[in-house]
Amino acid sequence: TDFDSKKKRKVAEIYQALNSDPIDVAALRRMAISEGGLLTDEIRCQVWPKLLSVNTDDLPPLPAGKELREDNKDYQQVLLDVRRSLRRFPPGMPDDQREGLQEELIDIILHVLKRNPQLHYYQGYHDIVVTFLLVVGDRLATALVEKLSTHHLRDFMDPTMDNTKHILNYLMPIIDQVNPEVHDFMQSAEVGTIFALSWLITWFGHVLSDFRHVVRLYDFFLACHPLMPIYFAAVIVLYREQEVLDCECDMASVHHLLSQIPQDLPYETLISRAGDLFVQFPPSLLAREAAQQQAERTAASTFKDFELASVQQRPDTVLRQRFRERLRGEERTKSILTKPRTNRFVKLAVMGLTVALGAAALAVVKSALEWAPKFELQIFP
């Protein structure tokens, strides 16, 4: 069939990139992003290390579990989380095999934390580690997870949630660029972004029940900028536009709706769309708005408004209005120039033009480090 021949062709291209000298990492990134991702776990074992530039020839041996566990401050919490992670293992896996893997999972986590005392364990971290363990086995998983923890996941492993919250602050500006109506509805409902927290910090591993979808997203995220998961979160919300707008406009209803993630999402279309949005609205463009959201929420910057507003009406309405007016003022001039084109792009993206995304993705990858400047130093040591 056509699909099979396409798949065969892709496998051949992946191996060609792996065997070229030097290895063609840019091509591997494109393969990981484009339709179907890396196709098999056998290929992932070879490509994931390249995407994270981990040298597989010289993996350190794993230390014995006992010495890791004895005086580890995180051991009890990790143990609890791993015990609860039953549903992350393939259904039908024999108990003893699963229990063996859970022991390996604990060891990998404690090993990475011990070697990197600057990293702090968070609940949900084990959801990422188990994905690597199931795909590549314990030794390679340890090396990949350590690299990932000091790069892509670095922000989630700070002692406080500040940087994680900062990343969540990108969600609403992305939604606003594409669909101001959904954005304004969510602002009115005051739903915030906490519904997307578990998506972000587990790379959706915790919320998707089909393992195939999880590893497909990992192919995508490993090949892209560390902020890509937040673009993917935005795309899921935008995809559910009608459900959101039909919802009662209050925090509890909208939060409940959004935190229940549908399992039958059109993943390839959404991946393509997230890539396109990243190219159109790169983090550098959104950084100012994300920072502004942060500033608007701090007590000092809002106190004056509360004083003024309490006389007239509910203060939060004034605040929201003021925030929107300022943004809209800045955006209006820009939007006159870009809106029609934006809509066309978005329609194209929805049609899933992953071929175009291939080139775009490359651009994304090359400019992968354009973070909001004040975070650059912390994130990429």
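# A walk through the helices

Start by selecting L39, which counts as partly exposed, since its relative accessibility is 22%. What you have open is a predicted model. Zoom in on L39 and you'll find it in the loop between α2 and α3. Have a look at its backbone too: phi is positive there, at about 70°, although L39 is not a glycine. Why stop for that? Because most residues other than glycine have a negative phi.

**Zoom out to the whole chain**

How many helices and strands does the protein chain have? There are 22 helices and 0 strands. The chain has 381 residues, and 52% of them count as buried. Take the contacts between residues at least 6 apart in sequence: 77% of these join residues at least 24 apart.

**Select D21 and P22**

Next, go to the loop between α1 (2–19) and α2 (25–33), where P22 lies. Show the backbone atoms of D21 and P22. Is the peptide bond from D21 to P22 cis or trans? This one is cis, and its omega is near -5°.

**Select 41–51 and 211–223**

These two stretches are helix α3 (residues 41–51) and helix α13 (residues 211–223). Give each a colour of its own. Their axes come within 9 Å and cross at roughly 30°. An angle under 35 degrees counts as roughly parallel, so α3 and α13 are roughly parallel to each other. The crossing of the pair is left-handed.

From α3, pick R44, W48 and L51; from α13, pick V215, R216, Y218, D219, L222 and A223. Sorted by class, this contact of α3 with α13 has 6 nonpolar and 3 charged residues, with no polar ones.

**Select R115 and E146**

Hide those and move to helix α6 (residues 95–115), which holds R115. Is R115 buried or partly exposed? With a relative accessibility of 48%, R115 counts as partly exposed. R115 and E146 are 31 residues apart in sequence, and their C-alpha atoms are 8.8 Å apart in space.

**Select T164**

Helix α9 (residues 162–168) is the next stop, and T164 lies in it. Which residues does T164 touch? Leaving aside those up to four places away in sequence, T164 touches D155, F156, L197, L200 and I201.

**Select F204**

Carry on to the loop between α12 (197–201) and α13, where F204 is found. F204 is another residue with a positive phi, about 70°, although it is not a glycine. Where L39 counts as partly exposed, F204 counts as buried, at 1% relative accessibility.

**Select 171–178 and 228–239**

Here are helix α10 (residues 171–178) and helix α14 (residues 228–239). How close do their axes come, and at what angle do they cross? The axes come within 9 Å, and the crossing is at roughly 50°. That angle makes α10 oblique to α14. The crossing of α10 and α14 is right-handed.

To see the contact, show L171, I174, I175 and V178 of α10 together with I230, Y231, A233, A234, V237 and L238 of α14. By class, the contact of α10 with α14 has 10 nonpolar residues, no polar and no charged ones.

**Last stop: the record's spans**

Finish with what the UniProt record says. Its unreviewed entry lists residues 191–208, 220–239 and 345–365 under "transmembrane region". Select 191–208: its end C-alpha atoms lie 22 Å apart, and the span is 28% helix and 0% strand. Then select 220–239, where the end C-alpha atoms lie 18 Å apart and the span is 80% helix and 0% strand.

Key: Residues are numbered from 1 along each chain as its sequence is written. This is a predicted model: local features need pLDDT of at least 70, side-chain atom pairs count only at pLDDT 80 or more; totals for chains, interfaces and linings use all residues. Side-chain values use heavy atoms; hydrogens and water are left out. Axes are lines fitted to C-alpha atoms, for helices over the stretch in contact, and angles run from 0 to 180 degrees between N-to-C directions. Helices (H or I, at least four residues) and strands (E, at least two) are DSSP runs, numbered from the N terminus. Angles under 35 degrees count as roughly parallel, over 145 as roughly antiparallel, 65 to 115 as roughly perpendicular and the rest as oblique. A crossing is left-handed if the near helix is turned anticlockwise from the far one by less than a right angle, and right-handed if clockwise. Contact means heavy atoms within 4.5 Å. Ala, Val, Leu, Ile, Met, Phe, Trp, Tyr, Cys and Pro count as nonpolar, Asp, Glu, Lys and Arg as charged, and the others, Gly among them, as polar. UniProt positions are given in the numbering used here, feature names are shortened, and annotations may be inferred rather than shown by experiment. Buried means under 20% relative accessible area, exposed over 50%, partly exposed in between (1.4 Å probe, protein chains only).
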